Amino acid sequence: MLSTVEIKSLIASGEGYNVEFKRNIPNKVKEVTEEICAFANAAGGTILLGVDDNNVIQGITFNNAKHSALQNSINEITPALHCEIYPLEVDGKELVLIEVPSGESKPYVLSGAIYVRQGPNSQKLTTVEEMRDFFQQADKIYFDEAPCKTIDIVQDIPDANIIQFRDLAGLNSTISNEQVFQNLKLITKEGYLKNGAALFFAKNPETFFEKAVIRCIALDGIDKRYIVDDKTMAGTLYQQFLQAMAWLKTKLNVRYDIEGVGSQPRKELWEIPETVFKEAIINALAHRDYYDKGARISIEVFTDRVEVSNPGGLVSGIPKNEFGKRSLSRNPLIFGLFERIRMVEQVGSGISRMRDLMVEEDLTPPEFNTEGIFTVTFRRPFDFDKWVDKWVDNLTDNRVGIIRAIHKDNKVSKRELEDIIGLSPTAIDNNIDALKDIGLIERMGGAKGGHWKINYILP
């Protein structure tokens, strides 16, 4: 049972991957049971009833009838799951604490559905694909939840890294480092630091996970023949992010908006929006397959594009038509720590945000390859009209029109092309086939969920 001091520190730390607050006991007590099921399917966690979303103790009334209703609802979880439930008083107000273990018989099912923890939220799995992926993960355990038995918490975790995390997360300075690690459940019940915590806090994580680094490569041209810079970014995952962003800034065109100079810093305007790269790199660090010990995250800068790649394709629990709309993380602990330092926002929104930012800047939408090595490609800005003009004498007006339509929207359908160009379905197919034959366009993915890719070659 947690002490009053420990409970206060837990409340001060706020909600997250392992902690959930409820202002009241919901009329539908199943809402609490869903959270319990999600914690059991992850690393376990603590639910506090009587605390609001602003970390303020409000107190509740918890009588025998409510206790019985809650316990009966928990009994509906299969296989059977034992949770510690006990009322306590903090600052003169009654709270209820529910301690949920990380289940040893995953998956746990409630009313025919599996619930899992994703960052600070719980998610219901309902499709066959989602459940199949969870069964696979449950069978081998999430990489970031596994113990790192070779690390020495005292010797290998510098205070500076913990302080940096605490500052970014806005954690109360009165909470000890030891209590922070306990609250975030970064240590296994056997006393080992978890892999995800080692990647986030160790002085040299690459000592324990050799390929858990980012390789940054700049190339002269549009292929991989001429490397002009090749650096490896090591350190904590957050440090790798900072180093990679700083390196990218030196390889891309960055100008400055000097309006309003004075007390305000100059605004940096990257040729490709800076936020796009932040999203892509954090996505790679949070979702890569760390079980793959033969590959690294890579950032490759070509003269015409930038590619960010990470080991592991699309998680099988996400159907391709749901890509960019929802998220399932291979590394929920790591994802939760990034959420703590406000590096990720709404789950599943990063892909759409990257698309929106590119379109807003009148750039080609990002291209995603989700098979094997997950890769996102950002096309660097160039004078599209001048490039098209070079092809005008070699192409019919209809084919130029198709290329322009694809440049404007790489997900444009053949049916939409018929309306835009004013041709029959057969004529559209013939023109598309001709453009494919000369290598100007290709189709990435199927008719549904796929997109067009323009190859910016010269005639």
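Modeller: Let us begin with burial: of the 459 residues of the protein, 51% count as buried. Here buried means under 20% relative accessible area, exposed over 50%, and partly exposed in between, with a 1.4 Å probe and protein chains only. This is a predicted model, in which local features need pLDDT of at least 70 and side-chain atom pairs count only at pLDDT 80 or more, while totals for chains, interfaces and linings use all residues. Residues are numbered from 1 along each chain as its sequence is written, and side-chain values use heavy atoms, with hydrogens and water left out.

Biologist: How many helices and strands are there in the protein?

Modeller: Helices (H or I, at least four residues) and strands (E, at least two) are DSSP runs, numbered from the N terminus. The protein has 16 helices and 17 strands. Its C-alpha atoms fill a box of roughly 85 × 50 × 45 Å along the principal axes.

Biologist: Which residues does the UniProt domain annotation cover?

Modeller: UniProt positions are given in the numbering used here, feature names are shortened, and annotations may be inferred rather than shown by experiment. In an unreviewed entry, UniProt annotates residues 15-125 as "domain: Schlafen AlbA-2". Over residues 15-125 the chain is 20% helix and 33% strand.

Biologist: How are the side chains of a strand read, and which way do those of strand E1 point?

Modeller: In a regular strand the side chains alternate between the two faces of the sheet. From strand E1 (residues 19-22), Val-19 and Phe-21 point one way and Glu-20 and Lys-22 the other, and all are buried. Two strands pair if DSSP finds at least two bridges between them. E1 is joined to strand E2 (residues 45-49) by four bridges, and the two run parallel; the bridge partner of Val-19 in E2 is Thr-46.

Biologist: Do strands E16 and E17 run parallel or antiparallel?

Modeller: Strand E16 (residues 441-444) and E17 run antiparallel, joined by four bridges, and Met-444 stands opposite His-451 in E17. The two strands form a hairpin with six residues between them, where Gly-445 in the turn has a positive phi of about 90°.

Biologist: What is a nonpolar core, and which residues have the most contacts inside the largest one?

Modeller: A nonpolar core is a set of buried Ala, Val, Leu, Ile, Met, Phe, Trp, Tyr and Cys residues joined through side-chain atoms within 4.5 Å. The largest has 69 residues, and Phe-201, Leu-248, Ile-299, Phe-338 and Phe-378 have the most contacts inside it. Its largest share, eight residues, comes from H10. Apart from this core lies another of 25 residues, among them Val-32, Leu-49, Cys-83 and Tyr-108.

Biologist: How many aromatic pairs are there, and why is the pair of Phe-143 and Tyr-291 edge-to-face?

Modeller: Rings of Phe, Tyr and Trp (its six-membered ring) pair if their centres lie within 6.5 Å; planes under 30 degrees apart count as stacked, over 60 as edge-to-face and the rest as tilted. The count comes to 14 aromatic pairs. The rings of Phe-143 and Tyr-291 have centres 5.4 Å apart and planes at 80°, so this pair is edge-to-face. The pair links distant parts of the chain, 148 residues apart. Phe-143 is buried, at 7% relative accessible area, whereas Tyr-291 is partly exposed, at 31%.
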